[in-house]
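Here's a quick walk through one protein structure, written for someone just starting out. Have a look at the sequence and the 3D view, then read on.

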Amino acid sequence: MILVLRLLLAHLIADFLLQPNSWVKDKNEKGIRSFKLLLHILVVTGVSTILTIDFFVWQIPVFIFVLHYLIDLLKIYFRSLKANNLLWFIADQFLHIISIIGVAMLVGGGANQWIEGLGELLSSKEVLVVALAYCFIIWPSMIIINLATQGWQNQISDEMGPSLQNAGKWIGILERILVLTFVLAAQFQAIGFLIAAKSILRISVKTENSARILSEYVLIGTFISFTIAILVGLVANLFL
């Protein structure tokens, strides 16, 4: 585990702190011909080697160099201009993390320990309850809220101006994650601060009547969202 943590720290330092934007631009423009890409891979390999010097075996720098290089090339050549950059970033970092874990397992010879640890984690009632709670408040609850407020959505559609695409969905997901986290941590007072923060929201509308209609709609959606997250958290706490 220590080896994994050190390699992850090296990755964060080299991939973010020690990689200027000019290098990223050069990599994306020139691809495999980019000297900055090679320089970046050498920095990643060097930092990884320095932070794991007491674990040193030749496989660490070699595998880190090859895997990081291939993953970066994969991202450069398979990312289309119309693709979601956030999804590509997440996928890129996920592959880097998986490769780091793979290198640590191969070098440390602890593959069986990792598999056993993962099995124990997935066999833990507490882990499964928490995972189930978060999955429920992210996806099924979103459908429940959408169906519960469907009757008002058409009513207010003419009153609302243009808004960010899927902004409401993501706001709801994030607020439910926060509320559930606060409930699981028994920090109920923090939920009050979250409600207070959301109450300062100002909505641009056409008329005073429109403001009242939209305020009521936002309040209904917010309280349904908060109620679901709180109830799920309370039920989850019963099993923890």
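## A tucked-away threonine

Thr222 counts as buried because its relative accessibility is 9%; buried means under 20% relative accessible area, exposed means over 50%, and partly exposed is in between, with a 1.4 Å probe and protein chains only. Thr222 sits in helix H12, residues 208-239. Helices here are DSSP runs of H or I with at least four residues, numbered from the N terminus.

What does Thr222 touch, leaving aside its neighbours within four places in sequence? It's in contact (heavy atoms within 4.5 Å) with Glu175 and Lys198.

## About the model

This is a predicted model, where local features need pLDDT of at least 70 and side-chain atom pairs need 80 or more, while totals for chains, interfaces and linings use all residues. Residues are numbered from 1 along each chain as its sequence is written, and side-chain values use heavy atoms, leaving out hydrogens and water.

## Helix H4

H4 has 20 residues and spans 28 Å from its first C-alpha to its last, close to the 28 Å expected at 1.5 Å a residue. That expected span is 1.5 Å times one less than the number of residues.

Its buried residues include Ile60, Pro61, His68 and Asp72. Among the elements covering the buried residues of H4 are helix H1 (2-17), helix H2 (21-30), helix H3 (35-51) and H5.

## An exposed phenylalanine

Now for a contrast: Phe94 is in helix H5. Phe94 counts as exposed because its relative accessibility is 52%.

Conventions: Helices (H or I, at least four residues) and strands (E, at least two) are DSSP runs, numbered from the N terminus.
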